[in-house]
Amino acid sequence: MRRAAVFVAVVTLAWVAWDTGADPVRFIRGLPWMFDFLRRMLPPDLRVLPQALAGALATVEIALLGTAVAAVLALPLGFLSARNVVPPGVFYPARTVLNFFRSVDTLVYALIFVAAVGLGPFPGVLAVIAYTTTSLAKLYSETIEGIDPGPVDAVMATGATRLQVLRFGVLPQVLPLFLSYVLYRLESNIRAATVLGFVGAGGIGFYLQTYLRLIDYPAASTVLLVTVAMVMVVDGLSSRLRDRLV
Amino acid sequence: MIDVAGLRVVLPPATVALDGVDLEIGAGEFVVILGRSGAGKTTFLRALNRLVEPTAGRVTIAGHAVTGAAAAELRVVRRHIGMVFQQFNLVRRASVLDNVLAGRLGYVAPLPSLLGRFPEPDRRLALECLEQVGLAHLAGRRADTLSGGEQQRAAIARALAQEPDVILADEPTASLDPGLASSIMDILRRINVDRGLTLVVSQHQLETALAYASRVIGFRRGRVVFDGPPSAVTPAVANALYADAPAA
């Protein structure tokens with residue numbers, strides 16, 4: 001049984017390697033070109049620093065606004081798709097809808113929203129909202145399903161309404177975890193938003209793509225360095241906040 | 001005060017937890033329920049406020065029908081019934097005062113309460129209840145920073161904040177050090193004497209039960225097999241309650 005599984009895995013991977021044209025020799029032959037690419041990026045052209053910083057700011061704004069709106073929109077969805085809150089008749093449709101929308105990535109949403117509302121950061125914000133709402137709702141609902149039922153019983157026993165039970169028995173148990181998920185999503189959304197500019201949805205990705213197309217590698221490397229710095233700063237801040245929460 | 005007739009609870013898939021219980025408990029009684037684990041003590045208490053849905057039978061508390069009550073009526077009945085749990089069941093991350101204020105939820109206007117706002121008289125009452133269990137100085141602390149005994153006292157304050165007619169306590173001392181058990185039972189007795197509240201407390205500890213009860217009810221396999229004053233609990237009665245062999 002175990003041998004058969006290993007055999008199937010090896011055969012599958014071998015076939016996949018052949019089908020994708022994965023070739024170590026080709027990779028090694030390409031190495032000099034990568035070094036050439038890196039060499040031409042140096043030194044970074046710091047004259048484009050103002051544009052790069054403006055792009056970085058826009059990216060942070062897209063991620064921040066998108067994540068904040070999604071964090072709120074995901075709340076009702078999260079409760080509606082928690083097995084221990086709603087009857088199966090609500091739970092199953094809600095979960096299915098969540099899984100459907102979550103299977104599409106932010107970048108694909110960005111393409112759709114650029115077509116719908118035009119170029120700029122706004123379709124980027126919409127794209128972040130579309131993906132993050134459903135992915136947070138899934139995390140919320142799983143958290144709600146894992147709560148301690150004791151306090152819920154206790155609040156119910158006082159004669160509280162359904163909403164009061166959620167507010168006083170459930171919410172205090174899950175809110176700190178929710179906030180920590182939101183911060184985690186913010187970190188990933190900053191990274192996701194760096195490429196939104198590639199499809200015209202605003203942010204620093206626009207500059208990276210432009211300079212690469214213009215074959216202005218020193219300028220592109222400045223943009224890349226700013227991107228790395230931005231992601232590291234946000235990750236650092238956010239993980240420090242998260243440590244405090246849990 | 002509590003009227004139970006033909007109460008039967010079948011837990012899914014097919015466990016008969018209560019098998020026809022008839023009881024009448026008068027106002028001001030301190031009833032202790034005895035029995036092995038699995039005898040139906042917890043199910044009985046939870047069926048009284050319908051945290052467990054009875055399969056058949058009738059429960060009436062303080063003149064209100066519990067069984068058959070629609071959702072809104074049930075909430076009105078429940079606010080007259082305080083409940084204390086073995087695991088305290090406080091919201092661990094919330095403050096002690098917020099936990100006690102939850103006892104007012106059946107009374108206050110729903111909308112402001114959802115925003116966490118409680119009228120001043122309700123806050124005062126919650127603090128008074130904390131004072132009565134000796135915890136007023138810990139009102140602002142997070143519930144999970146309290147010791148087990150303190151948490152159970154906070155839970156009793158939450159029940160008191162309901163201004164109930166009846167308090168149901170499910171093994172309130174089972175999760176505590178033996179030394180603390182009597183302090184919790186003392187508080188319950190004081191509530192019973194000073195406020196004239198009706199108490200129904202389940203206990204697995206025979207000595208504790210006999211020391212505090214005005215009436216002992218013994219459960220076995222979902223039925224009442226003993227009902228009388230503590231003085232009537234002879235060793236033979238106790239043996240029958242706790243014996244391993246299934247009743248023929």
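Q: Why is Leu212(A) called partly exposed in this predicted model?
A: Leu212(A) has 15 C-beta neighbours inside 10 Å. A residue is buried at 20 or more and exposed at 12 or fewer, so with its 15 neighbours Leu212(A) counts as partly exposed. You can find Leu212(A) in helix H9 of chain A, residues 204–213.

Q: How far apart are Leu212(A) and Thr161(A) in sequence and in space?
A: They are 51 residues apart along the sequence, and their C-alpha atoms are 59 Å apart in space.

Q: What makes strand E9 of chain B mostly covered?
A: Strand E9(B) spans residues 215–220, and five of its six residues are buried. Each buried residue has 20 or more other C-beta atoms within 10 Å of its own, which is why the word applies.

Q: How do you know that E9(B) pairs with strand E3 and strand E10 of chain B?
A: Pairing requires at least two bridges. E3(B), residues 30–34, and E9(B) share four bridges in the parallel sense, with Ile33(B) standing opposite Ile217(B). E9(B) and E10(B), residues 223–228, share five in the antiparallel sense, and Phe219(B) has Val224(B) as a bridge partner. Both counts reach the cut-off, so both pairs qualify.

Q: What lies between E9(B) and E10(B) in their hairpin?
A: Two residues lie between these strands, and Arg221(B) in the turn has a positive phi of about 50°.

Q: Which residues make up the contact between the chains?
A: Chain B gives 22 residues and chain A gives 19. On the chain B side, helices H2 (71–78) and H4 (110–114) each supply at least two residues. That side divides into eleven nonpolar, seven polar and four charged residues.

Key. Residues are numbered from 1 along each chain as its sequence is written. Chains are lettered from A and ligands numbered from 1 in the order in which they are written. This is a predicted model: local features need pLDDT of at least 70, side-chain atom pairs count only at pLDDT 80 or more; totals for chains, interfaces and linings use all residues. Two residues are in contact if their C-beta atoms, placed from the backbone, lie within 7 Å. Ala, Val, Leu, Ile, Met, Phe, Trp, Tyr, Cys and Pro count as nonpolar, Asp, Glu, Lys and Arg as charged, and the others, Gly among them, as polar.
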